Amino acid sequence: IEMTAREARYSFMLGLINDESSEMLAVAHHASDLAESVLMNIIRGAGTRGMAGMRDRRGCIIRPLLGISKYDIDEYVQNNNVPYGIDETNLSVQYTRNSIRLELLPYLQKKYNPNIYDTLNRLAMNAAEDEDFLAGQAQHAMDGILIQEVGDFFRSFDGHAVAATYPAIGKRIIRMLLH
């Protein structure tokens, strides 16, 4: 349900960009959301791409609040009497993200690391830098491996050359070819 609602929201908002000749869509994801995403991705078995979490920009979507904590946003809202609404589904631990937000992160913060949000955000930043570097290296390597385009959907490439690369690069080349 949560994923379907997310997809519907993005579809609607991205449709507004096309209809209104706008160029960007700013969403309100913040640093606490990033920490939740990183931890959720780790639990699911992510590599560096997943540990990077959300980026401050992806295509026409920007996240200008990604460096600001939920606590700071809530404090600003309260101090400036900014009206807001609460999505009641965010309070249900039935959903994985909410369970991480409401149960796991507070537990980790209390029991193991009072700075867990900052720690996860720093991990995301480091993973994003590594992922960007590795993706760039994979793109450079792919330029020498790709033999020809075959129609709109297929590419011919030298599989032996892919296999001869470092695994971290080869996996990214395969992902790029499939994408």
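This is a predicted model: local features need pLDDT of at least 70, side-chain atom pairs count only at pLDDT 80 or more; totals for chains, interfaces and linings use all residues.
## Basis of the model

Local features require pLDDT of at least 70 and side-chain atom pairs pLDDT 80 or more, whereas totals for chains, interfaces and linings use all residues. Residues are numbered from 1 along each chain as its sequence is written, and side-chain values use heavy atoms, without hydrogens and water.

## Packing of α5 and α6

Helices here are DSSP runs (H or I, at least four residues), numbered from the N terminus. The axes of α5 (residues 96-111) and α6 (residues 116-145) cross at roughly 100° and come within 9 Å; the axes are lines fitted to C-alpha atoms over the stretch in contact, with angles from 0 to 180 degrees between N-to-C directions. Helix α5 is therefore roughly perpendicular to α6 (65 to 115 degrees). R101, L105, L108 and Q109 of α5 meet I116, Y117 and L120 of α6, contact being heavy atoms within 4.5 Å.

## Buried face of α5

The buried residues of α5 are N98, I100, R101, L105 and L108, where buried denotes under 20% relative accessible area (1.4 Å probe, protein chains only). They pack against α2 (31-44) and α6.

## Nonpolar cores

A nonpolar core joins buried Ala, Val, Leu, Ile, Met, Phe, Trp, Tyr and Cys residues through side-chain atoms within 4.5 Å. The largest has 14 residues, and L34, L39, L105, I116 and L120 have the most contacts inside it. Helices α2, α5 and α6 each supply at least two residues of this core, and the largest share, five residues, comes from α2. A second, separate core of eight residues includes L134, A138, I145 and L177.

Definitions and conventions: Angles under 35 degrees count as roughly parallel, over 145 as roughly antiparallel, 65 to 115 as roughly perpendicular and the rest as oblique. Buried means under 20% relative accessible area, exposed over 50%, partly exposed in between (1.4 Å probe, protein chains only).
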